[in-house]
Structures are given as C-alpha cells and as structure tokens.
Amino acid sequence: MALALEGIKILDLSWVPVGHYCTMILGDLGAEVVKVEPTFETGLPAGLGVSPRGEEGRRIAAFNPQNRNKKSIVLNLRTPQGREVFYKLAEKADVILEGFRPGVTERLGVDYQTIAKINPRIIYCSISGYGQDGPYRDLPGHDANYISIGGALGLIGLRDGPPIFPQNLVADYAGGSLHGVMGILTALIARERTGRGQHVDIAMTDGVVSLLSLFAFEYFCHQTIEKRGEGLIGGAMPFYSAYQTKDGNYITIGCIEPHFWENICRALGREDFIPHQYVEGEKREEILSYFREVFRTKTRDEWFDLLKEKNIPIGKVYSIDEVFTDHQILYRRMVEEIEHPTLGKVRQVGIAMKFSDTPGSIRSLSPLLGEHTEEILQDLGYTEEQIEELRKAGATM
Amino acid sequence: MTLPLEGIRILDLSRVAPGSHCTMILGDLGAEVIKVEAPFKPGVPPIGSGVSPHPQDRRGERLAAYHPLNRNKKSLVLNLRLEEARQVFYKLAENSDVILEGFRPGVVRRLGVDYQTVGKINPKIIYCSLSGYGQDGPYQFLPGHDINYISASGALGVIGERGGPPIIPLNLVADYAGGALHAVIGIFAALLAREKTGRGQYVDIAMTDGVISLLSMVAFDYFCNGVILKRGESMLGGTPFYNPYLTKDDKYITIGCIEPHFWQNLCQELGRVDFIPYQHAEGEKREEMLSYFTDIFCTKTRDEWFELLKEKDIPVAKVYSIDEVFSDPQVLHRHMAVEIEHPTLGKVKQVGIPLKLSDTSGSIRSLAPTLGKHNEEILCNLGYTTEQIVELRKVGAII
C-alpha cells in the first residue's frame, strides 16, 4: 500500500518537541524526514532536544515516538562546509522546517531567502512563539507564555483559583505542531498548481487564538468575557464536570444536550433535576452536591459500566498506564509494538489518523545522533576522503 | 494571489464545533464549503454550535455575521430522510472533492450518505468521518463530548494541581486539537495522495486517538521509563521556573524558564543569584523558591513585570482575558482580529487566520450564512428548474 506523503523530502532543523511532533506526523504519513542536528549539546533533557548518543541513547531513541521514521545527520551550520552540505540537501528537498527564534536562520545562512534561490520549489516552514514579525518577534518564550497571550490560560482553572497549565498541549502541539503540519500540507497542495514553493510562518500564539474562535465570537458579538471556571464547559456546571468516585478516581459526564441531561438525572434517580439543567445559585449547588455525593458511592469503573448502557456521555479519567489497557484504545491500535534488534519489543504511541487507502506506518525507530551522516553524505556524492575532510573542519562529527 | 485550495469543493454534514472548525480552516484557505443542514423551524434554538441560525429569527442575521466557524461557507438545507433530498446530495457529491461528517457512527449509513454509497457515485471522493472514539471498537456507539474523550485518552488526568481535582482545559484538546485539526490534516493527506493514486479514500478521525497522539511524550515516559505522570507533578504542570504568578493587581504573569540560561536571567533579575544552582530542586528548597517568587511577584502589577522582564531575555507573558487578547499589539500585528464590512451591521469583528503563507494566503471572502441561504443558488447550479425547486420544498426536502 502506498503512503500518502511518499516521495516528499523534509529537512528538519528543529530542536524541540514542537518541531519533532510536526515532522513525526509527516513522517508517519510517508514523508522522508532528515533531522539536521548540531554538533553541540542544546541543554534539554534526553528525548526533548537533539538525538541521543551512546548506549543509554539507543534505548531512549528506540522509545522516542517523535523522531521515528527519521534520519539524523550532524551538520555544523556555522562552518561554510556544513552550510554547503545543507544547500546540496536543500536542492533536492521539498520542505524545510525550523523552530528557531526569528533571525537565527538568517545568521546561519539557511533562511528562506537564501534557500529559495537554490530551490524555488522549497516550502519553508518556520514555527515560532509569536511569529516572524511584530513587536514580540524577538521575545523568548514557551507554551506557558503563548497560552497566556493567546487567552487560553486565563480560562483554565477553578473559579477563584489560579490558572492551570494544560501541560503543553495547547500552544506547543495544537497551536504549533498541528498548525505547522497544516501549513506545510497546504503549501504542498498549492505547489501542485503554482509550481512554486513559499514561506509558511506559524506562530503558536496565532494558533491558540484561532482555537479560541468561539470565545472570540462571544466577545465580539455579545461582549461576553468568559471567566475562569464559569463557562458551560469550564467544569462549574453539574452536567459537564469531573466527579470523584469511591476509589479516589474520577469520572466525567458531558451531558450538554437536554436528552443526555434527562438520561443522567433518571439514572441517578433525580428526575426532579431535569428542568434545572442551567440553573444558577442555590439550586445549582444542590445539584452539584448531590452529584458529588452519589458519585462517591461506587467506583469509577462501576459507574462507567452502569452509565454506558444508558446513552450518557461519560468517560473514565485515566492515568497514562491505564490508557494503554483500555479496550477501545487497543482496538484502535493507539499503541504499537515494534521489534528492536537488541531491546526486544518496544512500545510506542500509534498513529491517530486512519486512512483506508494510504495508512501511515512506523517504518523505523528514532535515530541516534548522526546515525545517518555517512549514508546521507555518500548519497550526495561525497567520498570517504571528503567526509573525513568535513569532520576535520568541524562541519560534521 | 491565488488561494491554495481554490477549486476544492467540500460538503460539510457536521453540526458541532469540531467539524465546523475543520471546514473553517479549509474555507479560509479557499475551498468552497457547502454546509448541508437539517431543516428546523424558526424560534427553536438549534443544537450544535455549527448550525446556521434561522433567517427568520430575530438575531439570526447578526449571529451569522459574527460566527467565525461558518464564514466562507454556503448553507443548503436538505432533509436527508427523504429520497428527493438524497438525490440532490448525490448530485452534489458527484462534483465534490471532500465530504466531512461528524455524526455518531452508523447515522450516515441510515441516511444513505455513507462512504460505501457515495464512493460508488464518485470514486475520487475523500470522505472524512470525525467522531469521539472512531468508527470501530467497543466504544464506537457511545455518546460523548470533549470532556469524556480527554478522560479516556489520559489528558484530563494530568491537568490540575498536585492533590487537586482534574481541571478541564475547555474543549481545546479533544474537540479542536484531537478532532478538528487532525481532520484537516487527514483531508490534506488524502488530497495529496489522490494526486498520485487518482482515488479518493475514507479518513476515520477519532478525537480520542488524536489526544493520545498529542500525549506522545507522556506515553514515551511511561513506555521507556515506567514513569506515570501525575497531576501537578511535572515540569509543565507548574514549578518555580515554569509557573503562573499572581501580581499586585490580581492578575497573573507566566514564567517559562526551562533552559538554564533563562533561569539564570530570572534569578539575576529578581536578585536571587543564590537560587541558580537549584533550578530542579525538590522539597524545602523548592518551597522556599516558590514562596519567594510568589511574594515578589505581588509587589508589581502584571504589566509592570512584563515591561521589566521582557527586556532581560526571560520567557514571560501576561495572562489575558479574551478582551485583552484582542488589544495586544502582537496579536493585532499578526491580524488575528479582522474587521469585515457587513451591508447592514457595519464592521463585524472576527478572529483572523493563523496560517500565514507568503504566496497563497487565506482570506475571509464571505460571512457565515443563515440557514438555507444558498438553497436556490446551489440547486440552480445543479440544473434544477424553479418548478422543481418548488416541488422539493413542497415535499419537505428543502425549506
């Protein structure tokens, strides 16, 4: 079976998970991804920064999902020889992804302007926190900061409590990686018609603002400013909340539609609550405290088995180990076991998107730092002697 | 400038936000999106934030004008329970590239508009189903919402304070990231594959799968190191160097000093170079640093801190409410709020387009429709005569 992105060559200059996850998705779908990595340490924990080295590195690489289906070449772009190799790679590439602070690729001589002269068909995607222009362009930042500016963090948390970080799912992965994938695929589709590449400028902050479209709508249209823990889906409403169960776990109910609300009230023996789904004040407190009490009378799994038969939106709040024992998740192959020559079976998160004709696949595990340096240089026509020269000049390792 | 998806026609059967957000992105990029909607009567609030407002409702026109998810779309009402309406749908499907649906599995088969049926009429069609748990497996028929999908996938369990309850991250993680964005990516990949294979295909997106994929590094830590991430106990869940701090004016500022050099800059700036060696300290030292930072951030306002720290190469940002977002100079510079002229309402403000492409940028070409606004236009284009349209209306196939 063919892969959707077979034949698409991507050079990945990124050093952090935002970029890694973007090219993981593209690699899973069949793109040929080459990580272009530095000769020095980046100071990030193993698995989060550049590819690992050595024996322990082999284990980390085998399990790291974000760099599977990729090759690794080490190039010191601060040397002219290293840049020269990069230009040769760029001539034959379709996509370049970078995640530096704006301005860095210019200093390294691998910016869009330079590369587009070598290869006008190149699609060059920059993922940054605030974008390639504007007053915050040069500010450093992380997910926590981009969700602050984007308005998401201010809305997440209990009423009167502090804002709570949704891990790094919202800015890094949703606002950044996934928007990066969409931008790259859009540009590939456009290139089929225009014949030209282009620069795709992804700001995680922009992505977050876009995800908040309906909250922006409430503000623009009704001047409603949603407050933390007070909206329909912030956890304050009895019908859309997480409840603690007898065993200290949690179960969630999401009964937004009136018929689901009816079903839950019936199942919990309180039909009298049915007319009061959106009630405020004392009545809401009464419903909330009843629900809190009743959910404490059975375990999470007992509640799930009981309520799932009654057409009620429910879910077990899982820890990560439980996720990968759930029947649905196993059925959907969201965990895959891959044979490793020395480590045996290695478990990795599966591929989210299911295609009937061109499914994605895990074809190789993550590389060690520079694992493919020689192979890639030889493919470019470098001889053993020339490769040795590059090493001596500090252009590679 | 050309639009990247010009000439791609999408039939959108979805009624709720995940599907509508997906086709908003596709529409912004130039696809022609036709919402195929169920008839309903004026005065009945529709269920689903993607449903077009009824033109006879008092504020219908205004709601439509401001609705970001349905901009760049047309609205066609078809009662797919009737054979006459299904025939219209099949004719549309013949000349379309993509169909998106977000029903519970099984519904499109009952309506006769499933992939098996439509794929026979148009083998080049890309048919994307967006559901909570996917088109197969033991949970396929369970109802659910974002809150349930983030439960089953492990995301909700890791969001919240140490020892506290799980905190719901709105519907950003399952509905939009796990669902809408994965559906866009699935549709794009299938469009690119079709250039090579000449065939369409079925794309099965489960929001739960999407969220698990987003948790790939949490899964890595478990599979590789046996580490089970707990709420509030990871770096990204809040630590002295990565945290929101309350300021003098009762607002919050966030610090994201993961890299050692950023941590040094912060300690220096706050007059505690002695903290530098203890970035990842646990126990008493961690508490000491947390309480020092908590106290010191209360001595100035959020905006004062921002102005001060942003000059010092420290990852810092203001925690905004939604109104503040759209007065921030960076957000405005990036055109994340745009104003569009409406014939009767004047200037209408909407959220902008996040994907900035230098050669083929997206655009907002029309505001969201009211229900059935394009019935006649679309049916005429399909070759229906005025009499035939009247017939369709009589039998209740359209409104």
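I call a residue buried under 20% relative accessible area, exposed over 50%, and partly exposed in between (1.4 Å probe, protein chains only). This is a predicted model, so I took local features only at pLDDT of at least 70 and side-chain atom pairs only at pLDDT 80 or more, while totals for chains, interfaces and linings use all residues. Residues are numbered from 1 along each chain as its sequence is written, chains are lettered from A and ligands numbered from 1 in the order written, and side-chain values use heavy atoms, with hydrogens and water left out.

**Positive phi**

Most residues other than glycine have a negative phi. I looked up two exceptions.

Gln223(A) has a phi near 60°. I found Gln223(A) in the loop between helix H9 (213-222) and strand E7 (240-244) of chain A. Helices (H or I, at least four residues) and strands (E, at least two) are DSSP runs, numbered from the N terminus. Is Gln223(A) buried or exposed? Gln223(A) is exposed, because its relative accessible area is 54%.

Asn72(B) also shows a positive phi, about 60°. Asn72(B) sits in the loop between helix H2 (60-66) and strand E3 (73-77) of chain B. Asn72(B) counts as buried, because its relative accessibility is 6%.

**Chain A against chain B**

I then turned to the interface. Contact means heavy atoms within 4.5 Å. Chain A puts 145 residues into the contact and chain B 148. Together they bury about 12500 Å², 68% of it on carbon and sulfur atoms. That area is the accessible area (1.4 Å probe) that two parts lose on being put together, summed over both.

How many salt bridges cross the interface of chain A and chain B? I noted 11, taking a side-chain nitrogen of Lys or Arg within 4 Å of a carboxyl oxygen of Asp or Glu. One salt bridge joins Asp313(B) to Arg101(A), at 2.9 Å from N to O. On the side of chain A that touches chain B, helix H7 (residues 169-194) gives the most, with 18 residues.

Strand E12 (residues 354-355) of chain A runs antiparallel to strand E6 (residues 201-206) of chain B, joined by two bridges. Strands pair if DSSP finds at least two bridges between them. Phe355(A) stands opposite Val203(B) in that E6(B).

**Asn243(B)**

Last, I checked Asn243(B), in strand E7 (residues 242-246) of chain B. Asn243(B) counts as buried, because its relative accessibility is 15%. Leaving aside neighbours within four places in sequence, Asn243(B) has contacts that include Phe165(A), Ile253(B) and Leu290(B).
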